Amino acid sequence: MEGVGRPEGQAAAGRCAYQGAPGAFSHEACLDLRPWDEPVAYETFDAALAALFAGEVHCALIPVENSTIGRVEPAATLVEQSGLVQVSEVWRPIRLALMAPHGASLRTVKTAESHPVALRQCPASLAELGIEAVEAFDTAGAARAVAEANDVTRAAVAPARAAEVYDLSILRNDLQDSGDNRTRFVLLGRTEG
């Protein structure tokens with residue numbers, strides 16, 4: 001998938017479903033790997049796959065495995081049970097950033113919000129900083145909530161791109177505990193006929 005142009009036979013841009021809010025790792029993967037497609041956000045993995053079944057989108061990009069924590073659930077099981085065609089797959093580096101409203105610092109932040117899968121990739125780093133992990137539905141959704149709250153005691157763990165999307169300050173890059181933290185994404189399509 002990586003580094004290739006629009007596939008032959010695809011005359012027009014399509015729509016690619018992903019789980020999360022704009023700025024999430026899956027959104028980032030859609031932008032980088034499918035630049036000719038419109039990325040379409042869904043709150044849950046179920047909703048993204050349902051959109052593909054319903055024909056609202058022509059493909060879905062779903063994370064199924066992480067090098068640090070293993071299977072990404074419930075995504076991996078949903079993909080296996082879906083009967084959808086796996087068109088391709090790619091491993092992508094995952095770099096977590098700690099972000100907070102402008103004016104916050106590592107001294108003011110008490111909690112860090114993120115998707116449970118992301119939080120499981122940085123427990124040692126958060127403990128070292130004395131920051132409590134708080135589960136949220138999505139990495140970028142957590143960044144959006146932190147930006148809206150504008151509370152210097154709250155931070156989010158998300159891709160650096162989410163800080164740009166939600167106008168947050170990055171307090172620390174490479175928060176992940178493993179230097180080789182990667183996630184495997186699969187591109188899914190519907191079976192024809």
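Analyst: Strands are DSSP runs of E, at least two residues long, and helices are runs of H or I, at least four residues long; both are numbered from the N terminus. This is a predicted model in which local features need pLDDT of at least 70 and side-chain atom pairs count only at pLDDT 80 or more, while totals for chains, interfaces and linings use all residues. Residues are numbered from 1 along each chain as its sequence is written, and side-chain values use heavy atoms, with hydrogens and water left out.

Start with Cys 16. It belongs to strand β1, which covers residues 15–19. Is Cys 16 buried or exposed? Cys 16 counts as buried, because its relative accessibility is 0%. (Buried is under 20% relative accessible area, exposed is over 50%, and partly exposed is in between, with a 1.4 Å probe and protein chains only.) Which residues does Cys 16 touch, leaving out those up to four places away in sequence? Among them are Cys 30, Arg 34, Cys 59, Ala 60, Leu 61 and Leu 187. Contact here means heavy atoms within 4.5 Å.

Now turn to strand β11, residues 182–189. It is mostly covered, with 7 of its 8 residues buried. Two strands pair if DSSP finds at least two bridges between them. Strand β3, residues 59–66, pairs with β11 in the antiparallel sense, over 6 bridges. Strand β5 also runs antiparallel to β11, joined to it by 8 bridges. Phe 185 of β11 is the bridge partner of Pro 63. Phe 185 is also the bridge partner of Val 90.

Stay with β5, residues 85–93, for a moment. Arg 92 lies in this strand. Arg 92 counts as buried because its relative accessible area is 9%. Its side chain makes a polar contact of 2.9 Å with the side chain of Asp 32. (A polar contact is a pair of N or O atoms within 3.5 Å; within protein, one must be able to donate a hydrogen and the other to accept it, and residues adjacent in sequence count only if both atoms are side-chain atoms.)

Gln 176 sits in the loop between β10 and β11. Gln 176 is buried because its relative accessible area is 8%. A polar atom of its side chain lies 2.8 Å from the backbone nitrogen of Leu 96. The side chain of Gln 176 also makes a polar contact of 3.1 Å with that of Asp 174. Beyond residues up to four places away in sequence, Gln 176 touches Ile 94, Arg 95, Leu 96, Gln 121, Cys 122, Ser 125 and Asn 181.

Strand β9, residues 154–158, pairs with β7, residues 111–114, in the parallel sense over 3 bridges. In that pairing, Arg 154 of β9 stands opposite Thr 111. β9 itself is mostly covered, with 4 of its 5 residues buried. β6 runs antiparallel to β9, and 3 bridges join them. Leu 98 stands opposite Val 157 in β9.

Asp 138 caps the N-terminal end of α6, with a side-chain oxygen 3.2 Å from the backbone nitrogen of Ala 140. Just after α6, Asn 150 takes a positive phi of about 50°.

Finally, back to the starting residue. How far apart are Cys 16 and Asp 138? They are 122 residues apart in sequence and 18 Å apart in space, C-alpha to C-alpha.
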